Amino acid sequence: MSLIKNLSIKHKLIVIVLWVTIPSIVLGFTVIIVHDIIQLRQDLVNNTILYADLVGEVCVAPLSFKDRKSVKLIVEKIGTIPHIENGYVYGEKGELYANFNKSRDQILPLPPEPEEQFYEFRNNQLHVAHPILFENSKFGTIYLIVSTQLLAENTSSRIISLVLVMIGLIFLSYLLALRFQGVISQPILRLANVTKKISNKSDYSLRVQKEGRDEIGTLYDGFNNMLEQIQSQEEKRDKAEAEQQRLLKELAEKNNELEQVIYVTSHDLRSPLVNLQGFSQELGYSLQELRSSINTDDLTSEKAKNNISGLLEDIFDSLKYIQSSTFKMDILLSGLLKVSRVSRMDSTFETIDMNRLISEITNAFEFQLKENNVNLQIGTLPPCFGNELHLNQVFSNLLNNALKYLDPQRPGVIKITAKETDTNNGKQRHVVYCVEDNGIGISNEYHKKIFEIFSRLNPDDTDGEGLGLTIVYKIISRHHGKVWVESEPGKGSSFFVSLPILPKPVDDQSSSLSVDSRPITTSNS
């Protein structure tokens, strides 16, 4: 068994069939050959006895009259019988009446008178002794010696023929085993090939096609059932991993937002707070001096009036700075509130006609477009899946951004185009919208920074809160899309927005639901 354990199932089946077939064929033909040899020998004995019986019957009359001459003539006729080499006729009392020797040049010793009937094979010859009987009376004995050459030739011929037939049957057995081993080996090899493909590609969607209801069919059912369970577990694991990655990404974004908020609260809010603290103290000092002047000075004197007038001016200056600081704080806090509302956006998504949506947005910007003499070019826009209210906000912010950062040195051109594309290995189709302008452009180091909260490229030259692109980024993330920018200084900017055409599976959707569907208003980025 150790010799075939490493063979393929195909060759194992062939070897097993031949191991069973060859011994059976060899044993069967050996029995046939032995039987034929015995039968040929027995046929030779029977034929020789028949010859002896016939010759004996002819010799009865000469022996009864003791006619040696006639017996001799009859014995010499034995030479016409093939393969009989010697013949002897003995009388009733054992005396030799006549003998025949086919090989006249070879003188053989006379055999002793046989005492009884017998036959035996001796020295490639058959010796037969047969009594000469007539009416149950014995008249003598005939002794024949027959060559076994014909027996040997017939035996050899029969053995060669049977051996050739046996070899042919063995070869035929091999061909049949080679032909029909596929009934067992092919389903197993097919199963092995599928297993190999699954092992190499980790593709548990593969299945083996059941072709029968035998044990192999049962094996196929069990294998396919196992693959279904593995595939189900793989899908659950992949979904869990995808959800984990989504949550980790969302957590990272939240942490980044939190860091930005902390920075805003610790830096941007610190300045107005310091102003509030400083000018509140100044206001307190001015009020104390005003009280002291009122209590001690003669209010009718010119000096007191001038002193009180200066203190009131300081008080109003302090109040002005305090109001300015509180107004700045209010803007910052309002901006944080607007950004926070994106996380609680309305989850009602639907297929949106983007041609209609962009047309409504451009109509709202018609005055600004004409005022800035902008050439607006809009291509055919495929539909997408999302929340119309918030996508209106996204493209309004992008269009407003393009208008705000036009290059005053050349006529403004804004293009809005789109194209469909495959993502996630072809499993999800997206539309990539592009809002392109020929404005002042953005340096590469600011391509990511512009999406951060309160980030503005030219705060001194443009108004706004620095929230527009931050809100765009958060809304697109909520739509399971992407937003990015390609830009070079002096050549303009292209903002790309990738959105799904169809809804994602329920398991892939974010579980967050909105409790506040109010639009997030912002004047600019």
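Biologist: In this predicted model, is helix α10 mostly covered or mostly open?
Modeller: Helix α10 is mostly covered, since 14 of its 17 residues are buried, and please keep in mind that we are looking at a predicted model.

Biologist: Where does α10 sit in the chain, and what is its reach?
Modeller: The helix takes in residues 388-404 and reaches 24 Å from its first C-alpha to its last, which is close to the 24 Å expected at 1.5 Å a residue.

Biologist: And what caps its N-terminal end?
Modeller: That is N387, which has a side-chain oxygen lying 3.2 Å from the backbone nitrogen of L389.

Biologist: OK, which residues have the most contacts inside the largest nonpolar core?
Modeller: They are M354, F395 and L398, within a core that has 40 residues. Several elements give two or more residues to this core, including α8 (354-364), β9 (413-423) and α11 (468-478), but α10 gives the most, with seven residues.

Biologist: What does M354 touch, leaving out residues up to four places away in sequence?
Modeller: On that count M354 touches L381, P382, P383, C384, F395 and Y433. Apart from this core lies another one, of 25 residues, with I74, V89, L126 and I132 among them.

Biologist: Switching topic, how many bridges join β1 to β2?
Modeller: Five bridges join strand β1, residues 84-90, to strand β2, residues 96-101, and the two strands run antiparallel. As one example of the pairing, Y88 has N99 in β2 as its bridge partner.

Biologist: What lies between those strands in the hairpin?
Modeller: There are five residues between β1 and β2 in the hairpin, where G94 takes a positive phi near 95°.

Note on methods
Residues numbered from 1 in each chain as written. Predicted model: local features only at pLDDT ≥ 70, side-chain atom pairs only at ≥ 80, totals over all residues. Heavy atoms only, no water. Helix = DSSP H or I, 4+ residues; strand = E, 2+ residues; numbered from the N terminus. Expected span 1.5 Å × (residues − 1). Buried < 20%, exposed > 50% of the residue type's maximum accessible area, 1.4 Å probe, protein only. Polar contact = N/O pair within 3.5 Å; in protein donor to acceptor, adjacent residues only side chain to side chain. Core = buried A, V, L, I, M, F, W, Y, C linked by side-chain atoms within 4.5 Å. Contact = heavy atoms within 4.5 Å. Pairing = 2+ DSSP bridges.
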